[in-house]
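Dear colleague,

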Amino acid sequence: MSIIELNNISVTFKQKKETIKAVDGVTLKIQKGDIFGILGFSGAGKSTLVRTINLLQKPSAGDVIVQGTSFVKNGQVAISGKELQKRRRKIGMIFQSFNLLNETSVLENVAFALRHSNLSDEEIEKKSLRLLELVDLKEKADFYPSQLSGGQKQRVAIARALANDPEILLSDEATSALDPQNTNQILDLLKKLNKELGLTIVLITHQMEAVKKIANRVAVMEHGHLIEEGSLKQIFLEPKKELTRNFVGGSSAAISTLNKLNLDKLSENEAIYQLTYSLSNVTKSIIIELYSKLGVEVSMLYGNVELLNEEPIGTLVVLLKGDLEKQKAAREFLAQENVLVTKLDERGQVND
């Protein structure tokens, strides 16, 4: 059974004389225990969509069902204000901006989320310390937000979001303001919470690297529409839409490598391709076979293996040398071998 169901959700805003459809007819089902990534560029409507889950944003049309309870039916709120407030406490939320209280300590920031609970002051303090220990920040309990790094602030925000023992955590661009090291640490923490607490996480992001690291399912949004959805492996290895291919193609590490190589302008008989494939499907040497079977010369520019939902995935960036017919034959051969082929320019940008 789905823990979250969004059926034909639309969100419309009036701006002066113009009507803007931020979300247009989106249907999603999220299962208990998912880390569900919602991917898209700024303005895609992903944050607006996810805010309909806890009714921070009321949809203009559609149904919202959370944990079997109907929040919205046919665009109309179907739950009392008191019941909604109670249900919201079971849906934690973290943001890019942390939203901490700067004049209170780390411990008091976490305790603030328990102010309406039936716990005594002693119990609130004990639980807050336990939550800080869960996010590896117990030793910072008496610090103030200004004394913390960005990653530490986000850990406090996560501890606060967990205060009411939620089953769902909404993460709205929570790693966007962090450096790569802190981003990885926060993503590792979210994965840990998903496994240890059975927490269902909805990860809103424009960063493909974040989705690749922890999500098991992915939806891609563009201009308010859901354009593609599937397992992480499906989205990564079999992207159907151009936007999805742009997210998948040209990994950040490959782009960085190509920029450092300062390649000259390619000739007509040269092309750069990123090859992405499941190591469980491809056991032969692709590079050797391209030359032995097709006579295509291959220079390897970049190679990497990473875990994608616990499965090793290979990425190669290669320079192929051969006339247009050989280039075409090479792409067809690779496709037959279940290799995703993405053409790149000299700077690693998608050039299909």
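Predicted model: local features only at pLDDT ≥ 70, side-chain atom pairs only at ≥ 80, totals over all residues.

The largest nonpolar core comprises 53 residues. Those with the most contacts inside this core are Ile94, Leu132, Ile158, Leu190 and Val218. Leaving aside neighbours within four places in sequence, leucine 190 is in contact with Ile94, Ile158, Leu169, Ser171, Ile201, Leu203 and Ile214. There is also a second, separate core of 31 residues, which includes Ile4, Ile9, Val26 and Leu84. As general background, nonpolar side chains in soluble globular proteins tend to be buried together.

Helix 5 runs over residues 150-161 and has 12 residues. From its first C-alpha to its last it reaches 17 Å, close to the 16 Å expected at 1.5 Å a residue. Helix 5 is mostly covered, with 9 of its 12 residues buried. The buried residues are Gly151, Gln154, Arg155, Val156, Ala157, Ile158, Ala159, Arg160 and Ala161. These buried residues pack against strand 7 (91-95), helix 3 (106-112), helix 4 (121-134), strand 8 (168-172) and helix 6 (180-197).

The crossing of helix 5 past helix 6 is right-handed. On the helix 5 side, the contact is made by Gly151, Gln154, Arg155 and Ile158. Helix 6 contributes Asn182, Gln185, Ile186, Leu189, Leu190 and Leu193.

Aspartate 165, in the loop between helix 5 and strand 8, has a phi near 55 degrees, a positive value in a residue other than glycine. Aspartate 165 counts as partly exposed, at 46% relative accessibility. Histidine 223 lies in the loop between strand 10 (217-222) and strand 11 (225-231). Its phi is positive, about 50 degrees, although histidine 223 is not a glycine. With 63% relative accessibility, histidine 223 counts as exposed.

Lastly, serine 278 is found in strand 12 (residues 270-278). Its relative accessible area is 1%, so serine 278 is buried. Not counting residues up to four places away in sequence, serine 278 touches Lys233, Leu237, Glu311, Pro312 and Ile313.

Yours sincerely

Technical notes
Residues numbered from 1 in each chain as written. Heavy atoms only, no water. Core = buried A, V, L, I, M, F, W, Y, C linked by side-chain atoms within 4.5 Å. Buried < 20%, exposed > 50% of the residue type's maximum accessible area, 1.4 Å probe, protein only. Contact = heavy atoms within 4.5 Å. Helix = DSSP H or I, 4+ residues; strand = E, 2+ residues; numbered from the N terminus. Expected span 1.5 Å × (residues − 1). Left-handed = near helix turned anticlockwise from the far one by under 90°.
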